[in-house]
Amino acid sequence: ELPLDLSEVLFIATANDASNIPRPLLDRMEVIEVSSYTENEKLHIAEEFLLPKQKKKNGLKDNQLTIEKEALEAMISGYTKEAGVRDLERKIGQICRKAARAVIGDKKAHLNVQKTDLETYLGKARYTFTEANEKPEIGIVRGLAWTSVGGDTLQIEVNLMPGKGELILTGNLGDVMKESARIGISYIRSIGEQYGLDAEFFKNQDVHIHIPEGAVPKDGPSAGITMTTAMLSAMAKIPVRADVAMTGEVTLRGRVLPIGGLKEKLLAAKKAGMKLVLVPVKNRPDVEELDKEITEGMEIRFVTEMAEVIEQAFVKE
């Protein structure tokens with residue numbers, strides 16, 4: 001119980017998800033957003049900092065262990081899933097410990113770890129990334145999501161069944177995402193006549209929306225335009241381009257509203273092999289701030305209304 005002068009002390013806290021911090025405490029903090037590293041940034045950090053650090057920590061000289069660039073890239077994509085590099089450093093340390101044992105026990109002067117050796121050192125790869133579908137399909141659209149460990153793609157599937165006009169939602173969806181689906185179907189009902197959908201159609205058809213990986217909770221409004229596009233595709237029987245991904249909140253009148261986490265979402269789209277990404281027009285400043293490394297190889301188009309989304313996503317006959 002001694003007095004302590006904290007007048008010149010700065011407290012720093014870190015969190016992957018600020019939504020878990022109590023609101024009164026968060027209001028008294030200065031929040032500094034640090035976005036995810038790109039895979040190229042992670043590679044340079046691993047080569048220039050993490051690998052030398054772990055070699056020294058495990059008693060290895062620089063000339064006793066080499067990890068090939070392709071092996072580091074495979075570790076980043078197949079053995080870790082994070083916004084930073086904490087887990088990547090653990091994996092490098094695991095290789096360094098096994099290398100140190102081989103140097104001492106087997107009297108090896110030098111070890112060169114290649115991509116094909118990773119299974120020996122780290123076991124089988126833990127993560128895979130869903131690539132773009134091979135061909136356009138009806139009722140299947142690729143959305144983009146932000147998670148605490150970076151961006152990801154969501155393949156939203158819609159099926160229609162004879163019924164009483166019910167909306168069925170599965171895939172561990174949160175309340176906000178469920179509301180987005182209801183807003184989407186209300187918007188479709190308002191424009192249904194353009195696609196030959198009358199009032200009787202909506203009374204006699206059940207709509208089932210599913211987002212795979214049902215054990216993973218999903219929430220937020222940014223899948224609004226994706227779910228709306230998938231539902232209209234299933235109802236109008238028009239396929240959606242396989243190389244298109246999209247993100248954006250939708251309103252009852254079909255306006256597309258801005259979203260967050262765009263950098264991580266675009267990285268996920270690029271990794272999945274998407275050629276075209278539809279982004280709300282109010283997110284243009286976010287795109288302009290991004291490095292060309294992130295957007296290279298993808299076309300980003302800005303949209304303000306669902307009509308523009310539908311025009312660019314649907315396969316034209």
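Gln54 is buried, at a relative accessible area of 5%; buried means under 20%, exposed over 50%, and partly exposed in between, with a 1.4 Å probe and protein chains only. This is a predicted model, where local features need pLDDT of at least 70, side-chain atom pairs count only at pLDDT 80 or more, and totals for chains, interfaces and linings use all residues. Residues are numbered from 1 along each chain as its sequence is written, and side-chain values use heavy atoms, with hydrogens and water left out.

Gln54 sits in helix H2, residues 39–57; helices are DSSP runs of H or I, at least four residues, numbered from the N terminus. Leaving aside residues up to four places away in sequence, Gln54 touches Glu89, Ile92, Gly93 and Cys96, contact being heavy atoms within 4.5 Å.

Next, the rings. Searching the whole structure gives 1 aromatic pair. The ring centres of Phe201 and Phe202 are 5.5 Å apart with planes at 85°, so this pair is edge-to-face. Rings of Phe, Tyr and Trp (its six-membered ring) pair if their centres lie within 6.5 Å; planes under 30 degrees apart are stacked, over 60 edge-to-face, the rest tilted. Phe201 and Phe202 are both buried.

Now the cores. A nonpolar core is a set of buried Ala, Val, Leu, Ile, Met, Phe, Trp, Tyr and Cys residues joined through side-chain atoms within 4.5 Å. The largest has 42 residues, and Met231 is among those with the most contacts inside it. Helix H8, residues 224–236, gives the most to this core, with 8 residues. A second, separate core has 28 residues, including Leu50 and Leu118.

Terms used
Helix = DSSP H or I, 4+ residues; strand = E, 2+ residues; numbered from the N terminus.
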